[in-house]
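Please read it with the sequence and the model side by side.

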Amino acid sequence: MARSLGRIFRGFQSLGSLAFMKSELSNPPASVSLKSMVQTLPSLFSSNPRDFSLPNPSWGTEMRQLYEHYNSQCEAVTDGGEEQSGLWKRLPSYNRSLKYAAGGVHLSKIIQAKARLFTRNIRDPGAAFEYVIFANKKEQRCVCIFQAGHLLEGPPGNVHGGAIATMIDTVTGTHACVHSGPVMTANLNINYRSPIPLGSTVLIESSLDKKEGRKTFISCNVTSADGTRLHTEATALFVSISVGQLMKG
């Protein structure tokens with residue numbers, strides 16, 4: 001079955017449309033039933049997937065205010081259909097491994113139907129990673145508004161260092177993808193300056209330092225919501241990879 005789905009996915013890659021996928025599903029191999037194939041395909045192809053970057057009831061006042069601040073400066077389409085320019089762009093976030101890159105969206109292996117993005121695999125809103133990322137390509141910056149849930153505890157009452165590192169890798173990696181397409185983390189250096197209380201909202205801001213061939217260098221700071229307290233600082237190196245390498249894992 002895996003080999004059959006693999007053939008379908010390779011065909012989907014080569015044609016770049018869902019038309020081929022539909023035709024294959026209409027005439028599946030004799031050894032694989034149509035029902036089992038459809039059940040195996042992930043919710044990735046849902047016509048209305050949940051965008052985790054949009055506000056939900058678990059968001060606190062600080063997170064909502066910061067979201068409105070950056071979202072009001074985003075590109076938008078008015079009710080009249082006119083495009084409204086903006087410095088920032090909100091990046092949608094789903095629970096599958098979708099990477100927003102210069103060339104568009106790159107899909108994970110469709111045969112791994114149960115796979116979920118590490119930071120988006122908790123169903124209970126507000127329990128773990130609540131965040132939204134905005135990108136400013138002109139200024140070569142990204143900002144993430146992050147609210148840490150109770151499942152991320154490390155030292156009593158504070159966020160685990162591993163959870164902070166996860167968010168730094170997520171934000172800097174997303175930023176690198178915006179500028180360089182698909183990338184993999186090659187190096188991540190983190191200095192923890194002060195703890196982050198559970199339930200608090202922080203800003204994770206990254207900036208592009210330089211690009212050298214396949215290498216993208218990013219700097220990152222984690223601060224309190226008002227920017228007065230430095231919690232963490234980091235530098236990251238990402239290496240560009242091909243879509244083929246991404247699919248091979």
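## Strand pairing and the sheet

Two strands are taken to pair if DSSP finds at least two bridges between them. In this predicted model, that criterion gives an open sheet of seven strands with the order 3-6-7-9-10-11-8, in which the pairing is antiparallel. Strand 3 (89-91) and strand 8 (183-192) stand at the edges, and because each has a single partner strand, one side of each is left without a neighbour in the sheet. From one strand to the next, the twist averages 25 degrees.

For the protein as a whole, there are six helices and eleven strands. Buried residues make up 41% of its 249 residues, and of the contacts with a separation of 6 or more, 61% are between residues 24 or more positions apart. The protein exposes about 13300 Å², of which carbon and sulfur atoms supply 51%.

## Strand 9 and its partners

Strand 9, which covers residues 201-212, pairs with strand 7 in the antiparallel sense over seven bridges, and one of the residue pairs joining these two strands is Q147 with T201. Strand 9 is also joined to strand 10 (residues 215-224) by ten bridges, again in an antiparallel arrangement. Along this second pairing, E205 stands opposite N221, S207 stands opposite S219, and K210 has F217 as its bridge partner.

Strand 9 and strand 10 form a hairpin with two residues between them, and G213 in the turn has a positive phi of about 60 degrees. A further hairpin is formed by strand 10 and strand 11, here with five residues between the strands and with G227 in the turn at a positive phi of about 80 degrees. Nine bridges join strand 10 to strand 11, which run antiparallel, and T216 has F238 in strand 11 as its bridge partner.

Apart from residues up to four places away in sequence, T201 touches E62, M63, L66, I145, F146, Q147, S224 and A225. Among these contacts, Q147 is also the bridge partner of T201.

V202 is likewise placed in strand 9, and at 2% relative accessibility V202 counts as buried. Its contacts, leaving aside neighbours within four places in sequence, are C144, I145, F146, I196, V222, T223, A225 and H231. V202 and R229 are 27 residues apart in sequence, while their C-alpha atoms are 9.6 Å apart in space. In a regular strand the side chains alternate between the two faces of the sheet.

## Helices across the sheet

Helix 4 (residues 61-71) lies across strand 3, strand 6 (129-136), strand 7 (141-148) and strand 9, and it runs at about 20 degrees to strand 6.

Helix 5 (residues 161-180) lies across strand 3, strand 6, strand 7, strand 8, strand 9, strand 10 and strand 11 (230-240). The angle between helix 5 and strand 8 is about 135 degrees.

## Cysteines

A disulfide is a covalent bond between the sulfur atoms of two cysteines. With a cut-off of 2.5 Å between the sulfur atoms, the count comes to zero disulfides.

Terms used: Residues are numbered from 1 along each chain as its sequence is written. This is a predicted model: local features need pLDDT of at least 70, side-chain atom pairs count only at pLDDT 80 or more; totals for chains, interfaces and linings use all residues. Side-chain values use heavy atoms; hydrogens and water are left out. Helices (H or I, at least four residues) and strands (E, at least two) are DSSP runs, numbered from the N terminus. Contact means heavy atoms within 4.5 Å. Axes are lines fitted to C-alpha atoms, for helices over the stretch in contact, and angles run from 0 to 180 degrees between N-to-C directions. Buried means under 20% relative accessible area, exposed over 50%, partly exposed in between (1.4 Å probe, protein chains only). Accessible areas come from the Shrake-Rupley method with a 1.4 Å probe; for residues, only the protein chains shown count as cover.
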